[in-house]
Amino acid sequence: MGKNNIDNMSVEERAALLMSLMRPPDQMPTPDAVEANRILESLRINQPKNINGTISIRNPVTNIQGNMFPTPQGREVSFTSNGRYSRPSVPNTKLQTLGSNATVNQLINELPTTRNKATGVDNRYTFTPLDDAKDLKRALKTGKRTNSRNTAYKRNTNGAFNAHVRKDGEIIGHGTRKGETTWQPRNAGGKFGKHVQFDPTDVVKKIGKFAIEKGSVHFIPKVGPALQTMMTVDSTVEGITGKSPIKEFMSIAEKSIKDQSIPRPATLMMY
């Protein structure tokens, strides 16, 4: 393709051409990529619903069902996997875990960022990470109480969801959503802790990276079909997160085509 032809290409066509150069034309989607797309589509379709004041979500693909009930202490968050509170006997794959986390995050992302007592809008939340048989077995062996769920919640939310043991022995977590990505958990004793940064949509971007990097976006030499496939994945991610990877990519693609540099797709597509 000559320089004049490149100069006459639209930004969208340049983005598609650049991405086609980064991926072998005969690469087929991997099972992970197909599964990632299936999860992304399920997240788009199965959005949280407010039914008589209770916010609920049910996703038959990720097998997560959750609720946020209004209480005097804020919204009480709870969810089940496959209809049970117990952990699965067979550990989830990384992609299955991301799908589960994304579904739960869709639910808690419904929390507002401000509180209005007059209207009942409440940005406070509370939750109870349940002990299970594995926790109890470990406690009998070590003599120390552990709660695997609380450890996972704290890790997956950058500390926004972090419970503490009360004097009565129950593990309870409380906090307040201060902004789109700013949360303030309560420490032991109910004192407010430091603000933490947690973006509930980050996990969706990770699933999107599976779809793109594992070959679900199947680029072929013809620009038209390649662009159509790429935009399908991008619109799904944008519909869930409100952010479009391809729109951020296009301005960089336009510059990269002109100066003949080829940037790394993982960096450009999802960061």
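**View 1. Confidence along the predicted chain.** The chain averages a pLDDT of 76, and 65% of the residues score at least 70, where pLDDT is the predictor's confidence in each residue, from 0 to 100. Over residues 216-228 the pLDDT is below 50, and beyond near neighbours in sequence this stretch has 33 contacts in the model, a contact meaning heavy atoms within 4.5 Å. This is a predicted model, in which local features need pLDDT of at least 70 and side-chain atom pairs count only at pLDDT 80 or more, while totals for chains, interfaces and linings use all residues. Residues are numbered from 1 along each chain as its sequence is written, and side-chain values use heavy atoms, with hydrogens and water left out.

**View 2. Helices H3 and H4.** The axes of H3 (residues 31-45) and H4 (residues 94-108) come within 11 Å and cross at roughly 10°, so the two helices are roughly parallel to each other (angles under 35 degrees count as such). Asp32, Glu35, Ala36, Ile39 and Leu43 in H3 meet Leu95, Gly99, Ala102, Thr103 and Gln106 in H4.

**View 3. The pair Tyr125 and Trp183.** These two residues form an edge-to-face aromatic pair, 5.7 Å centre to centre with 70° between the planes (rings of Phe, Tyr and Trp, the last by its six-membered ring, pair if their centres lie within 6.5 Å, and planes over 60 degrees apart count as edge-to-face). Tyr125 lies in strand S5 (residues 124-127) and Trp183 in strand S8 (residues 182-185), so the pair ties together parts that are 58 residues apart in sequence. Both Tyr125 and Trp183 are buried, that is, under 20% relative accessible area with a 1.4 Å probe, protein chains only.

Note on methods: Axes are lines fitted to C-alpha atoms, for helices over the stretch in contact, and angles run from 0 to 180 degrees between N-to-C directions. Helices (H or I, at least four residues) and strands (E, at least two) are DSSP runs, numbered from the N terminus. Angles under 35 degrees count as roughly parallel, over 145 as roughly antiparallel, 65 to 115 as roughly perpendicular and the rest as oblique. Rings of Phe, Tyr and Trp (its six-membered ring) pair if their centres lie within 6.5 Å; planes under 30 degrees apart count as stacked, over 60 as edge-to-face and the rest as tilted. Buried means under 20% relative accessible area, exposed over 50%, partly exposed in between (1.4 Å probe, protein chains only).
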